[in-house]
Amino acid sequence: MRSEDLSIAFIGGGNMASALVSGLAGKLCPIGNIHVVEVNDDLREAWRARGASVSAEPDEALANCQVWVYAVKPQVMKAVAIATEPFLRDSLVISIAAGIRAADLARWLSATRLVRCMPNTPSLIGAGISGLAALPGTPDADRELAGQILASVGEVVWVQEESQLDGVTALSGSGPAYVFLMIEALIEGGLAVGLDAAQSRALALATMSGATRLAAESNELPSLLRERVTSKGGTTAAALAVMEQDGFKATVVRAMQAAADRAHEMGDEFGN
Ligand SMILES: NC(=O)C1=CN([C@@H]2O[C@H](COP(=O)(O)OP(=O)(O)OC[C@H]3O[C@@H](n4cnc5c(N)ncnc54)[C@H](OP(=O)(O)O)[C@@H]3O)[C@@H](O)[C@H]2O)C=CC1
Ligand SMILES: O=C(O)[C@@H]1CCC=N1
């Protein structure tokens, strides 16, 4: 399909829709081929100013879009799906809602071609990563198109079992928040050990990105890279002893389990 022929509707035009469109508009289709259904007046105006077509409620414009991306909160997915269903003819359905299972959304929409995804906010700068799973029976061409849409904002990982998307949600979906918290902590720590705010910020950000790049580009395990920083009887050992004592790693693992459990629970809670 030529890019000028592809039209995509976003149902819900908030944070994630904005992040996704910033990557795909101009690459996969012109912004004028993007239609956004959004209840918030200010957001609708912002989309219009960006060059997208907009509506406050589902209407015939939806029926003409080849792809629909549901980007509303899981809590309202069922009601929004039911309101949009009368306009679904031949569109590929993509959902980015946490927890909501493909079979539930397919049932509300009587859809047969559906891909469920879990992107993340670094998509905004093309540095996202998304987990994807398709409703059984979704044709390969549709899986490919969904993959291309998400690949326009970062990496794409297909999972074998849809239930693994709860794990993706706990790791990379929510993960940017854990990383931002770590950055916040490093900056606060910098202030506590006598640096000023600008120095702390610069040192924290460069350390996070430098260590991340080193881990990605090295063939060695993160644990070995960590050991190389840790001189016997030195400063890192002193810091890591406190982290070990306070259960830092175990806390991260427990936090992720809580996120995965919540994703599963939201599937039950908002999927019936
Ligand atoms: N934020 C993230 O990091 C990630 C989020 N997700 C998933 O993406 C989805 C969207 O999240 P996010 O973008 O953060 O949420 P936002 O709240 O920023 O965006 C959702 C938008 O949808 C609007 N909306 C509510 N009801 C309707 C309706 N009936 N029709 C059209 N629009 C409606 C909301 O308006 P109003 O606020 O006025 O209700 C809001 O502007 C969620 O399901 C979330 O699980 C997935 C990956 C990462
Ligand atoms: O917090 C949430 O529920 C969503 C899903 C992943 C990131 N934000």
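Reader: Is L105 buried or exposed, and what is its relative accessible area?
Author: L105 is found in helix α5 (residues 102–109); helices here are DSSP runs of H or I with at least four residues, strands are E runs of at least two, and both are numbered from the N terminus. Buried means under 20% relative accessible area, exposed over 50%, and partly exposed in between, using a 1.4 Å probe and protein chains only. L105 is buried, with a relative accessible area of 1%.

Reader: What distance separates the C-alpha atoms of L105 and G131?
Author: One caveat before the number: this is a predicted model, where local features need pLDDT of at least 70, side-chain atom pairs count only at pLDDT 80 or more, and totals for chains, interfaces and linings use all residues. Residues are numbered from 1 along each chain as its sequence is written, chains are lettered from A and ligands numbered from 1 in the order in which they are written, and side-chain values use heavy atoms, leaving out hydrogens and water. L105 and G131 are 26 residues apart along the chain, and the separation of their C-alpha atoms is 17 Å.

Reader: Moving on from α5, what is the phi of S110?
Author: S110 lies in the loop between α5 and β6 (114–118). S110 counts as exposed, because its relative accessibility is 59%. S110 is not a glycine, yet its phi is positive, at about 50 degrees.

Reader: What handedness does the unit made by β5, α5 and β6 have?
Author: β5 and β6 pair in the parallel sense over three bridges; two strands pair if DSSP finds at least two bridges between them. I94 has V115 as its bridge partner in β6. A crossover is right-handed if, with the strands pointing away from the viewer, the path from the first strand over the helix to the second runs clockwise. The β-α-β unit of β5, α5 and β6 is right-handed.

Reader: Which helix does the chain cross through on its way from β4 to β5?
Author: In strand β5 (residues 92–95), L92 and I94 point one way, V93 and S95 point the other way, and all are buried. Strand β4 (residues 67–70) runs parallel to β5, joined to it by four bridges, and V69 has I94 as its bridge partner there. The crossover from β4 to β5 is right-handed and goes through helix α4 (residues 77–84).

Reader: Which residue in β7 is the bridge partner of V115?
Author: β6 meets β7 in the antiparallel sense, over four bridges. Strand β7 (residues 128–134) is largely enclosed by the rest of the structure, because six of its seven residues are buried. For V115, the bridge partner in β7 is A134.

Reader: And on to β8: which residue there is the bridge partner of S130?
Author: β7 and strand β8 (residues 154–158) are parallel, pairing over five bridges. Together with helix α6 (residues 140–151), these strands make a right-handed β-α-β unit. The partner of S130 in β8 is V156.

Reader: Which helix carries the chain from β2 to β3?
Author: Start with strand β1 (residues 8–11), which runs parallel to β2 and is joined to it by four bridges; the partner of I8 in β2 is I34. β1, helix α1 (residues 15–24) and β2 form a right-handed β-α-β unit. Three bridges then join β2 to strand β3 (residues 53–55), again in parallel, and H35 stands opposite S53. The right-handed crossover from β2 to β3 passes through helix α2 (residues 41–50).

Reader: What is the C-alpha to C-alpha distance between D268 and I100?
Author: D268 is found in helix α12 (residues 248–270). D268 is partly exposed, since its relative accessible area is 38%. D268 and I100 are 168 residues apart in sequence, while their C-alpha to C-alpha distance is 8.0 Å.

Reader: How much of the accessible area of ligand 2 does the protein cover?
Author: The residues around ligand 2, meaning those with a heavy atom within 4 Å of it, are A98, G173 and S174. Accessible areas come from the Shrake-Rupley method with a 1.4 Å probe; for residues, only the protein chains shown count as cover. Of the 240 Å² that ligand 2 has on its own, the protein covers 46%.

Reader: How many helices and strands are in the chain?
Author: The C-alpha trace spans about 70 × 35 × 35 Å along its principal axes. Of the 272 residues in the chain, 40% are buried. The chain has 12 helices and eight strands.
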